Amino acid sequence: MEKTIKQEFEKRFGGEGTMYASAGRINLIGEHTDYNGGFVFPGAIDKVIMADIRPNGTDKVRVFSVDINENVEFGLEEKDAPAQQWARYIFGVCREIIKRGGNVKGFDAVFAGNVPLGAGLSSSAALESCFAFALNDLFNGNSIDKFELAKIGQSTEHNYCGVNCGIMDQFASVFGKKGHLMRLDCRSMEYEYFPFNITGHKLVLVDSQVKHALVDSPYNKRRQSCERVAAKLGIDTLRDATKEALDAIKGEISAEDYFRAKFVIEEKQRVLDVCDALQRGDCETVGRKMYETHEGLSKDYEVSCEELDYLNDIARRCGVTGSRIMGGGFGGCTINLVKNDIYDQFISTVTHEFNGRYGHEPKIYPVIISDGAHKC
């Protein structure tokens, strides 16, 4: 990929630029906890967006996407927003840096990536983080701190791409560290690295390729359930709720709200339990908690679907250590912690059985926990 990007840059712009990269991400555990003030536990992975970038001495940005085989040119004023969706991520990063008082001048860039699109691995956050990191280095002497780079990516989604996302994806892409997961406190924004020592195991994503549109209503309905319960308990978010306090008001709230809140309270604790287990090298506990999360997302939070439950069932039957839905739900991937000695058998079984039932094979993405945004 790097060679292709360099060749394309030479062909289009002459000479060479500086190469930068940023990663997609997984989240080992901690779903729907972010907007409830809880914890998430992501890591950057070995699937990246890579870009060759060079200032061009003008007030124009010229970018070529290798994967889409399309080029775009735009200015740096608000009125210059490009029509192409992929280019809006880059334009948005430029604008968000400028709005914060940072410098961005014209530049030429060629980029490509191997972060699978639509698999819940945050290819858009990887693209934003790659360009934010690069423009900070090229035009700002790395004076913008890393948290601000993550917020620049998040604001790009909000203001230029129409996605009201949390901070986790951009945080993981910017702060990723090889061999480590990061526990991010979504209330205080404090974070801590945890070594991901899973001797004898692999992490693999199984992509159902099911795209149940995550339209606003099911997501918002779940968020509203959590907010209603928090209000009833007299607290800001479910971060401060306990199971005992929830049970005490069970008769005063709907069954749906009760089960939504029950999942969030239990998931908050599971993240902490998994961090402790990883520090002990206890993969069995990590795996058990992953299965508990899947069960909670399926039965209590109701964001699974038949295909994802089937993938989880196959993993359990094959003796996979841990498996669960990864992401918001309604389609996408399961994330699986698999012992090395059953890995090939699991991949063969899940591919064959899923194809037999649904008429298409799932996509398989082995992942390794890697570094986030960096200069190559």
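**Helix packing and core**

Analyst: The axes of α2 and helix α3 (residues 123–140) come within 9 Å and cross at roughly 40 degrees. Axes are lines fitted to C-alpha atoms, for helices over the stretch in contact, with angles from 0 to 180 degrees between N-to-C directions. Helices (H or I, at least four residues) and strands (E, at least two) are DSSP runs, numbered from the N terminus.

User: What should I know about the model itself and the numbering?
Analyst: This is a predicted model, in which local features need pLDDT of at least 70 and side-chain atom pairs count only at pLDDT 80 or more, while totals for chains, interfaces and linings use all residues. Residues are numbered from 1 along each chain as its sequence is written, and side-chain values use heavy atoms, with hydrogens and water left out.

User: Back to the axes of α2 and α3: which residues make the contact?
Analyst: On α2 they are Trp86, Tyr89, Ile90, Val93, Cys94 and Ile97, and on α3 they are Ser124, Leu127, Glu128, Phe131, Ala132, Leu135 and Asn140. Contact means heavy atoms within 4.5 Å. By class, these residues divide into ten nonpolar, two polar and one charged. Here Ala, Val, Leu, Ile, Met, Phe, Trp, Tyr, Cys and Pro count as nonpolar, Asp, Glu, Lys and Arg as charged, and the others, Gly among them, as polar.

User: At what angle do α2 and α4 cross?
Analyst: The axes of α2 (residues 85–99) and α4 (residues 146–160) cross at roughly 115 degrees and come within 8 Å. That makes α2 roughly perpendicular to α4. Angles under 35 degrees count as roughly parallel, over 145 as roughly antiparallel, 65 to 115 as roughly perpendicular and the rest as oblique.

User: Is the crossing of α2 and α4 left-handed or right-handed?
Analyst: The crossing of α2 and α4 is right-handed. A crossing is right-handed if the near helix is turned clockwise from the far one by less than a right angle, and left-handed if anticlockwise. The contact of α2 with α4 has six nonpolar, four polar and five charged residues.

User: Where does Tyr160 lie?
Analyst: Tyr160 lies in helix α4. With 5% relative accessibility, Tyr160 counts as buried. Buried means under 20% relative accessible area, exposed over 50%, and partly exposed in between (1.4 Å probe, protein chains only). Beyond residues up to four places away in sequence, Tyr160 touches Glu78, Arg88, Phe91, Gly92, Arg95, Glu96, Lys99 and Ser155. The C-alpha atoms of Tyr160 and Tyr89 are separated by 7.1 Å, although the two are 71 residues apart along the chain.

User: Now the core. Which residues touch the most other members of the largest nonpolar core?
Analyst: Ile26, Leu28, Phe41, Phe107 and Phe131 do, in a core of 77 residues. The largest share of this core, nine residues, comes from α3. A nonpolar core is a set of buried Ala, Val, Leu, Ile, Met, Phe, Trp, Tyr and Cys residues joined through side-chain atoms within 4.5 Å.

User: How many residues are in the second, separate core?
Analyst: The second, separate core has 37 residues, including Val206, Ala241, Tyr258 and Val338.

User: Is Pro55 buried or partly exposed?
Analyst: Pro55 is partly exposed, at a relative accessible area of 38%. Pro55 belongs to strand β3 (residues 42–55). Apart from neighbours within four places in sequence, Pro55 is in contact with Gly106, Phe107, Leu138 and Phe139.

User: And what about Lys262?
Analyst: Lys262 counts as buried, at 17% relative accessibility. Lys262 is found in helix α8 (residues 255–280).
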